[in-house]
Amino acid sequence: MISLSEILGGVMLAYLAAAFLFLAAVLWSSHRLRSLALGLLVGGLAAHTLAFLARWIISYGQAAAVTPPADFGGKLQLVIHQTPLSNFYESLIFFSWCLACLSLIFLHRYAEGFLGVVGGLLASLILAYASLGADSRIRPLMPALKSNWLLVHVITCFVGYAAFGLAFGAAILYLTRAFRPQGQGPGLPLLDRLIYRAAVIGFVFLTLGILTGAVWAETAWGRYWSWDPKETASLITWFIYAALLHARLVQGWQGRPIAWLAVAGFGAVLFTYIGVSFLLPGLHSYLN
Amino acid sequence: MTQVSSSSSSPLGRFWKALTSLRLTLVLLLILAGVSLVGTVRPQVFDNLWFLGPLALFTVNLTACLIRGLPQALRRSRLHLTPDAALELPERVRFSWPPSHDPHLRVENALRRELGPVQKAAAGEQTVYFWERGRFRPLGPYVVHLALLVILTGALLGRFLGIEGRLRLLEGETANVFTSEGKEIPLGFQAHLDSFQVFYYPDGTPREFRSDLTFTEPGKSPETAICRVNEPVTFGNFTFYQASYGHVLRLEVREGEKSQVVEAPVGQTLKLDGGARFRVLEYQPDLVMPGDGHGKHLGPAARLAFWEEGGHPRLLAVLKDHPEFADQHPGPYRFYLKNAKFFSVLQVKRDPGVWWVYAGFLLLLPGFYLAFLRPAERWALVLGRNRQGAWEARLLGAAPRARESFQARLERLQKLLKKGGPA
């Protein structure tokens, strides 16, 4: 029997291979390579989803062994509480899943192979980091995390992060192409629109993540906002993307300044997600 | 305000223009981000003018933008698409049919299939079909900004009208006040801690913290409640949150013939009658020493640090079930552990601003929906006969903020309209 971490290792390789195949498909404009890459990405995502569900089931089983739920309502409650989104490792796995899923959605809509390159590469890098740098054991849930808000808070935050990741990838492509205008690949106007689109999705979901976090903090600690480093960092991220959207929608900025803001914003995302957890103590420091 | 904004050359007009300018917004957003970055290391910054100043200016900026733009956005959202306005839309593609094929039915069906119900009007000899979506989109940003103002109002209300503090209760203790910023605040009722419990997982990490409370209002029958982490309890005007807990030990301290009993919370330094100080460093409900079989249970145990004026601290162990250990204690004092009790620390608060904050959160949702998910989109199709008697249709439309979906729809409409007939 293969373990979950082995499955996720395979998923990581699939994403990585998909990214390279997408790149090759763009370079040689090959439809066959592109279909192969798409197949790998879809297959990887399916295995990734199964691994996520399996971890959920195991996690539920462990918790139910300690505190058997009395009725259907209790079972449902336990299912929600035991979503595998409760520590740093699980959040990385889900972040990677969101990236792969979101890049598939964008690929469906824009049919631009470079989206697969960016999404596949980021998703596999995050999985690699998860397998090397985080504790993968399933731990019992600490009392502060036993809340229905856990599910919706973490999901909204990471969908937001993943969208910002795609905006970042598109921005990097924009900036490199703006310096070297000739060559293959997507046109600058398309990249510019993609940065904006992904940033809008990220902004909406980050806002929802902050709101749900605030409501949760209010029920857990009696304070919807306590300037915990994580909260502050997420607010900084929010300010940066708010600036980006205003510059774009009201002032009509396009191209390079927007791309730079998307890069800065993703820097803030990484600081919020990883930097704060390791560098600064606070309510979210259970991540490590 | 509108007269002021119209005369942008006067000093007041320029001031108003500066207040509503986007440059101010961008600068403020970046300043707030910068100060917040300092705040991740030094949270006291958030009570400081460096943060509150830009935040206040940001609020003024938001309000000014709302006052300036909302009336226009309201006017625009009230403007329905009329046949006249529809004829002004940019032309996208033309179709034609021979005189014998009346295309009205086909056009109507195609439009209905792609757009849903369309409106129809006669313009001279021609028929105009028109359709619009996202008329309320201009309101979106203003709803979002209004929501942010509502949230900030809630925060202000909480700051000035709300109160928060802590209540520390020993098991069996009753209180009618709690402490907030060093002051005692009356609760208006009595809070009694019946018991405090910690439950553990098999691996020894805590699973649940639970305070069983009884509240009694004067002249009414008592009410019981269970307070857990993530499950606050509201009674009267206040809400109670499980925040922390600890142990208080009852120690008998003997010095020769003299004896005193001290209540010592774990981690707190206390002074004895003789002038010496001590602190309970750690308490264990059951100290287990590894040994043959399952190990040896020594019962409740504590570790103390003890020091006399000017002397070095000394560490000593106290076991409830083995008082003879006290004979090994150095110095003139002997410590005996009598019993240990839990205390529970509850966060107590009343915040009339929370509902404003939540209302703002809810208001953000329709704001985002309007601003980002309902881009304005308008279509019109003008159908009539040309000079030769053939049928001719012009498809017009615009969606400045949704070019991709507009283009895709244009292609689908083209296909639907051309199907089964000469174009």
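Let's start in chain B, where four strands make an open sheet ordered β12-β13-β16-β17 with antiparallel pairing. Strands here are DSSP runs of E with at least two residues, helices are runs of H or I with at least four, both numbered from the N terminus, and two strands pair if DSSP finds at least two bridges between them. The edges of this sheet are β12 (269–271) and β17 (314–319) of chain B; each has a single partner strand, so one side of each is left without a neighbour in the sheet. From one strand to the next the twist averages 30°, with axes being lines fitted to C-alpha atoms, for helices over the stretch in contact, and angles running from 0 to 180 degrees between N-to-C directions.

A quick word on ground rules: this is a predicted model, where local features need pLDDT of at least 70 and side-chain atom pairs count only at pLDDT 80 or more, while totals for chains, interfaces and linings use all residues. Residues are numbered from 1 along each chain as its sequence is written, chains are lettered from A and ligands numbered from 1 in the order in which they are written, and side-chain values use heavy atoms, leaving out hydrogens and water.

Back to our sheet: β16 (residues 301–307) of chain B runs antiparallel to β17(B) over six bridges. If you want to find that pairing on screen, look for F306(B), whose bridge partner in β17(B) is R314(B).

Now the five-stranded sheet. Its order is β1-β20-β19-β3-β2 (chain B), it is open, and the pairing is antiparallel. Here β1 (91–97) and β2 (119–123) of chain B are the edge strands with a single partner each, so one side of each has no neighbour in the sheet. The twist averages 20° from one strand to the next. Strands β19 (residues 377–385) and β20 (residues 391–398) of chain B share eight bridges in the antiparallel sense, and A380(B) has L396(B) as its bridge partner in β20(B). Helix α6 (residues 104–115) of chain B packs on this sheet, touching β1, β2, β3 (126–133), β19 and β20 of chain B, where contact means heavy atoms within 4.5 Å.

Finally, which element gives the largest share of the lining of the largest pocket? That is α7(B), with ten residues. The lining divides into 28 nonpolar, eight polar and nine charged residues; Ala, Val, Leu, Ile, Met, Phe, Trp, Tyr, Cys and Pro count as nonpolar, Asp, Glu, Lys and Arg as charged, and the others, Gly among them, as polar. A pocket is an open set of points on a 1 Å grid over the protein atoms alone, where a 1.4 Å probe fits, with protein on both sides within 12 Å along at least five of seven lines, and lining residues have an atom within 4 Å of a point.
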